Amino acid sequence: MNGAPNIETLETLCEQFYNPRSNEERSNAEKMLAYYFPTFSETTNVPGAAHSSATHVQNPIECAMQCHLLLESSSSPYAQMFASYRLRTLVTDHFSIFNDQQKIDERNFVLNYLGQHPDLMPFVVSSLGQLFSVITKLGWFESEEFKNLNEDISKFLQASAQHRIIGLQLLGLLITEINQLTASRSVAKHRKIAVNFRDGELLKIFQTACGILRDLLRDETQFNKDTSSQTGKMKEACLNIIKNALAFDFIGTCPDESSDDSGSIQIPSTWRSMFEDPTLVKTLFDCYKYFQPPHSSLVMEILVQVASIRRSLFNEEERAKFVVLLMDGIRDIINTSQGMDDQSNYHEFCRMLARFRSTYHLNEVSEGYDYASWIEAVAGFTVKAFHSWQWAPNSLPYLLSFWSKMASSLSIVKSSFLPKLEDTTAHLAGEFISSRMDSVGPIIESDGIIDDPLDNEEILIDSLEMLTNVARCKYEKSCEALIRIFDFTASSYQGAIQSAGNGVYDENSILVAESKLAWLVYLIGSFIGGRTAYQSTEEQDTIDGNLASKVLQLMEINQVWLNQKGESAGNAKLELAYLHFFYQFRKSYIGEQSYRTPKVYVKLAENFGLNDQTMVLDVIVRKLGTNLKYWGNNSRIISKTLNLFNELASGYSSVRLLQNLDTAKFILRNHTSEHFPFLLVPENFSLRLIYYMALSKLFFSDDVSEEEFMEFIKPFENILEELKTVVNIGAYKQDHVKAALNGLLRDLRGFITPIQSRRNYLLFFDWFFPNYMPVLLQALEAWKEDRLAITILKFMAELGHNKSQRLNFDISSANGILLFRETSKMLCTFGAGVINRNPSESNKYTEKYKGISVCFDMLSRSLTGRYVSFGVFALYGDKALELALNTVFEMMLSIPVEDLMVYPKLCKAYFTMIDVFSNEHMTALPDMDSRVFWYIIRSLGEGLKSSESSISSFACSAVDHLCTFVIKLSNKKNQSHWLLQYFNQFSDILPFLFTTVFNLVLFDEKPNQWSLSRPLLGLILLNREYMMEYTGNLVHCQLVERRELLAKALQSLMEEVDNTLSSKNRDRFTQNLGTFRREITAANLILVSPSEQGFSAPMLE
């Protein structure tokens, strides 16, 4: 190897790279390999492998030859892996600079090498296969030889068993590569190749794999040695080809893993004969029968795909035959339980059932041969699955999905089998309920070893929603089973309670009964919530009323037990089930969805005197109040209770029903911790916000007089008046004062957050401001080192938030100016304590940065509120604005830029503020400290590069504001502004910003290209000479073969763009920039950054 070390040294370096004894050893090996095998590209698959201009290898083609030599000379799998990997990088990034013959030679080299070395390690074969696939894809339209797969691969398939395995692996990897869209590639070019491959080669490959699979099934293949191992590898390779072929993106929808269980496979019409012939489907079912795991589960994955083939591929006659084939195979598996003892097989089989029903209509399934016995077999399998609840629990949703889809189409299909199917759905609903009852005892006895589905409410509700679709097919019969089980369980529960009252207390029996009842209440809630508007019959509404009565009766029984043992004896799971029931009943029968529902109240009126939705709503609110009163120590129940309360208060109709309820009026009159002690529990402090948000919505749902407002706010006023009597800071530092402030300010913030109306907000504002501002200021002074300071600042940030123009003061009012003065005082007070604070390394955000981020929000909201003219402060010598800005600047400077980018909330608050500040206020300042200016510029450089689009866009906007202002000043020939003086004094700033933005356009795939284009035009207009220098160096740094194309593309950037920042000019530049990026992508130009070639871009010190 010319100028390179000997093979042994390279083998050692490769082994150290892939199997290092230390990070340092790996890093050193990586650098040496990068020197001897440069990638000539900034984007490389091996980190740090940028090339050096001093290396003996001058271009990618020479490096490829070095890789060939390493492969041919070394028997080390590490060296082979590195060489193949590096070849793939070179081909991917520089394919356009290889001439036609070199491209063909590269492809032939890989094939010949694999043919001569069939005993390579599997990971080396895989890497070389990926290299072959990449070369084939990139060269697909450049020569017919790249499409000559049949001749090339057939040589492998006709040779030894090991060669056949390699040939099949190559085909599988090729399908994957051509189907895969690479982010840096043109989508149009990718689809053109994929479509041509689909139409010309994919079917042939699929047929080849199917033929070999049939040979394997007949056990006709002969091997030279190690028959069992080679047979397994060949089975796997064949099945992977079939699986990859069926997973091909036939119509360009770019599916991902999340779409595996939705949609059908759009097989081309040219493939119809493959699936009209029953041989393929029968072969797959036979393979499943005779192959052992893991091959059998791979076959079942393919059957899932086959069951997903679009129904429009067939005419009616052929579709019926195809459906019968699948149904027969499914029935045979169920009847024999073939492979069902393997979890992977079982899971994929359940998936196949779900996909089969999703793809084919009920009438097509029901017209299949012997449908009655088939559906009975599937039902029997499902029942077994319900009762085998510990076996593959993740597979159960697929079975529920199957039956849910079967049930959903019953109303639109007419068939003689429908009565039988309806009876089956009712039977399944009953069996599911029974199986859940059977699971309760073992789950409780396991003491946490077995997961309880009741603990994961989200997944539980998803499953119950599908069951509800099944149950509502034959609703009366399904509910008969539910009511029968409910009555029996409730009776047992009542008996256990009576026994406990007589001194015979069986705790386990009561716990089991309550858990069963929790399941049943969840089921009832889901059944009622499954009601479909306009489709539900009066009979079904009557049944819902009966079910609701059962739950309310249970609540009465449960209350008897709580009266005996105290509220602490309540069962949290049962209480959560009640809340779910109320959620669902509210969705179906209260508020916006309530109409034509008198039948639901027949049983409710008979048993409880509840004649309409208002009376039921009163029951719900009373239960919510009870939860808030007695379940304060359970945050999960309190959270769900408050969320339901907030939902009721948010509905247009439901809130108007609420405001007339005596219970709701009671809560409004008595909303304090005296009546609702959950407010005093520290774990619930974050939930106080939701509580008072709901109360605020309820309170302001109708016109409120000042007297009513003062009555509601009186408890808060009492606390604030008492705090006003505290005369010194030391007294504020008492724990009971802290607790009062913490709760009060959370409550007030929750109360004002949902207010949109100016009139309602000014009721609060005029009451609070300025009378109680000294309390906030003194509290902040006392607790500025404590977390209470965050609560105070958050309240102040909300107080000054002018959303929906709620803070529009009268023209004669000075409140806007006065409010900002108070904001300024609070910023200064908190800033004095936080600026020099040294937080622990592990808790920086909580101890320091969280408070600063709230201060950034406060300033942003004040600057964008439009309720104060900030020019007034300077005009009348008021220092409020100056002090606020200086304090925020000092807080900003106390945060290292590296930390700023680490904490998302801090980062967002900072860049939101900088965007707002730079728009109007920054340029209006008479001067700015150079430290602050440098910090802002440095942070903007980091913000531009942020992976978070919103942060990058804020930074782009701020840079654009600065550039726009400077250009306007330049046009006016005004050179006295401090911003211009800084730019003139520090000449590296504008080149630095230009380089940062332009490099992002060139080398990064950011989604916010429009945002990047806005400041880039201004930076170009301010950096004409530097842009020419930089782009010249950029072109010079590229490989010779790419320079002309890049230079031409760069010249087009400024076509028809003049030297202004008019909207039309900006839009034209944005279009040019988009065209430039498309040209670069289409030409597959992998650009090298000038910094890698020794060109020094400006850096800020």
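Predicted model: local features only at pLDDT ≥ 70, side-chain atom pairs only at ≥ 80, totals over all residues.
## A pocket and the helices around it

Helix H18 (396–408), helix H19 (418–445) and helix H20 (457–471) each give at least two residues to the lining of the second largest pocket.

How much space lies in the second largest pocket? The answer is about 630 Å³. The pocket is lined by 26 residues, and the closest to its centre are Trp389, Pro393, Arg436, Pro453 and Ile459. Sorted by class, the lining has 16 nonpolar residues, seven polar ones and three charged ones.

## The domains

Let's step back to the whole protein. It is divided into domain 1 (141–253), domain 2 (262–415), domain 3 (473–610), domain 4 (612–702) and domain 5 (967–1083). Taken over C-alpha atoms, the centres of domain 2 and domain 4 are separated by 49 Å.

## Two helices side by side

Now find helix H35 (residues 773–783) and helix H37 (residues 815–834), whose axes come within 9 Å and cross at roughly 10 degrees. Angles under 35 degrees count as roughly parallel, so H35 is roughly parallel to H37.

Which residues make the contact? From H35 come Met773, Leu776, Leu777, Leu780 and Glu781, while H37 brings Glu822, Lys825, Met826, Thr829 and Phe830. The residues of this contact divide into six nonpolar, one polar and three charged.

Note on methods: Residues numbered from 1 in each chain as written. Heavy atoms only, no water. 1 Å grid on protein atoms, 1.4 Å probe; cavity = no way out; pocket = protein on both sides within 12 Å on 5 of 7 lines; lining within 4 Å. Points joined across faces, edges and corners; volume = space filled by probe spheres on them. Helix = DSSP H or I, 4+ residues; strand = E, 2+ residues; numbered from the N terminus. Nonpolar A, V, L, I, M, F, W, Y, C, P; charged D, E, K, R; others polar. Domains from an automatic or database assignment. Axes fitted to C-alpha atoms, helices over the stretch in contact; angles between N-to-C directions. Parallel < 35°, antiparallel > 145°, perpendicular 65-115°, else oblique. Contact = heavy atoms within 4.5 Å.
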